[in-house]
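This report describes a single protein chain, shown next.

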Amino acid sequence: MNKTLTEIAQELKDNPKKVQLIYAFNGVGKTRLSREFKELIMPKGVESDETDDRRTTVLYYNVFTEDLFYWANDLEGDAERKLKIQPNAYTQWVLQDQGQDQNTISNFQHYTSDKLTPYFNNDFSEVTFSFGRGNAVRTENIKISKGEESNFIWSIFYSLIEQVVHELNITDSDDRSTDQYNNLEYIFIDDPVSSLDENHLIELAVQLAQQIKSSNFTGDRGLKFIISTHSPLFYNVLCNELGVKSGYILRRNEDETFELDPKKGDSNQSFSYHLYLKQCIEQAISENSVQKYHFTLLRNLYEKTATFLGYPRWSELLPDDKQTYFNRVIQFTSHSTLSNNVVAEPTPQEKEIVSFLLGHLKTNYGYWLQEEEND
């Protein structure tokens, strides 16, 4: 059933489950959904007037959280590199009011290295980083990688989650160290995994799942978590760690409506990314709606099949005249340097190539023949 993001946000709000996991491709609308959900719980007018109430009703993490941070690289002196924090109520509340700066540093070093140390300035408006070399010598004011930066920003939010879960697990609210979380109902996390390698991705998912499991929840009462991601690995690790039997896939239709389809069963068997790719391509072929991006999906399907079967290069699975297909179709479409100038509608001949290459993959490799038998 086609819906607006507001209607899907309402559906998520009304769901009594402790955890709701959502998978979607990048660009489908996960971040907009997190914003719609926040607006549903606490509209903007309330946000500007009753900031504290907003914080204690819903917490959310998405790309806007990461956008609060930016680098000042000291281009003239090339020495005083700092990660600046945009003036905002959120980080001031977490770091200064809730005193989560030291926990943030500990979590960050857990994900990265205890030799990599962040330093907040007095008003928490900027952060510098140093790296220890093991001989009491430290390199100051270094610029960290994009993955480390994502880890650092996530560590601020994760430190807050730790404190929230700890406080709300104290049954008698009078015994809690703060009343700031007493009305908190939802935590919405959208893709905290950008720029992370697979090892850190798995560790982050396992640690987050442990926090969620430790949060008290009886009946439909307790803190509710909604997590959306574009990463199949992150989704599947969370499914397995949390024992979630049913998640969702968010889809966007051509008329800008959306669908939130349930995915039931064991995550590793029912939520299979390669099967979803195959389904998308087959549907486009049957509806004669193949677009340029289906070549990218097709290449992804070839890559996953080659990896599973042990081929060193996905191009080895292509039909005869492999180099022609590789150069003129898959490689060209996936890595075009003029992507903004490429029209979405492929030629009839290109549409036929998508159908031909998918059929070739399914017909000629035992892996897919077995999948077809299991369907």
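S315 sits in the loop between helix 13 (293-309) and helix 14 (322-334). Helices here are DSSP runs of H or I with at least four residues, strands are runs of E with at least two, and both are numbered from the N terminus. With a relative accessible area of 16%, S315 is buried; the term means under 20% relative accessible area, with exposed over 50% and partly exposed in between (1.4 Å probe, protein chains only). Leaving aside residues up to four places away in sequence, S315 touches K322 and F326, where contact means heavy atoms within 4.5 Å.

The model is predicted: local features need pLDDT of at least 70, side-chain atom pairs count only at pLDDT 80 or more, and totals for chains, interfaces and linings use all residues. Residues are numbered from 1 along each chain as its sequence is written, and side-chain values use heavy atoms, with hydrogens and water left out.

Two residues stand out for their backbone angle. Most residues other than glycine have a negative phi. N141, which is not a glycine, has a positive phi near 55°, and D191, also not a glycine, has a positive phi of about 50°. N141 is found in the loop between strand 7 (138-139) and helix 8, while D191 lies in the loop between strand 8 (186-190) and helix 9 (198-214). N141 counts as buried because its relative accessibility is 16%. D191 is buried too, with a relative accessible area of 14%.

Helix 8 itself holds E149. This glutamate counts as buried because its relative accessibility is 7%. Not counting residues up to four places away in sequence, E149 touches W71, L83 and I144.

Two helix pairs are set out below. Their axes are lines fitted to C-alpha atoms, for helices over the stretch in contact, and angles run from 0 to 180 degrees between N-to-C directions.

| Helix pair | Axes come within | Crossing angle |
|---|---|---|
| Helix 6 (residues 89-97) and helix 8 (residues 146-168) | 10 Å | roughly 60° |
| Helix 1 (residues 5-14) and helix 2 (residues 30-41) | 9 Å | roughly 65° |

Helix 6 is therefore oblique to helix 8, and helix 1 is roughly perpendicular to helix 2. Angles under 35 degrees count as roughly parallel, over 145 as roughly antiparallel, 65 to 115 as roughly perpendicular and the rest as oblique.

Helix 6 and helix 8 cross in a left-handed sense, and helix 1 passes helix 2 in a right-handed crossing. A crossing is left-handed if the near helix is turned anticlockwise from the far one by less than a right angle, and right-handed if clockwise.

Ala, Val, Leu, Ile, Met, Phe, Trp, Tyr, Cys and Pro count as nonpolar, Asp, Glu, Lys and Arg as charged, and the others, Gly among them, as polar. In the second pair, L5, T6, I8, A9, Q10, L12 and K13 of helix 1 meet R32, L33, E36, F37, L40 and I41 of helix 2. That contact divides into 8 nonpolar, 2 polar and 3 charged residues.

The protein as a whole has 16 helices and 13 strands. Of its 375 residues, 49% count as buried. Among contacts between residues at least 6 apart in sequence, 68% join residues at least 24 apart. The protein exposes about 18,700 Å², with carbon and sulfur atoms supplying 46% of it; accessible areas come from the Shrake-Rupley method with a 1.4 Å probe, and for residues only the protein chains shown count as cover.
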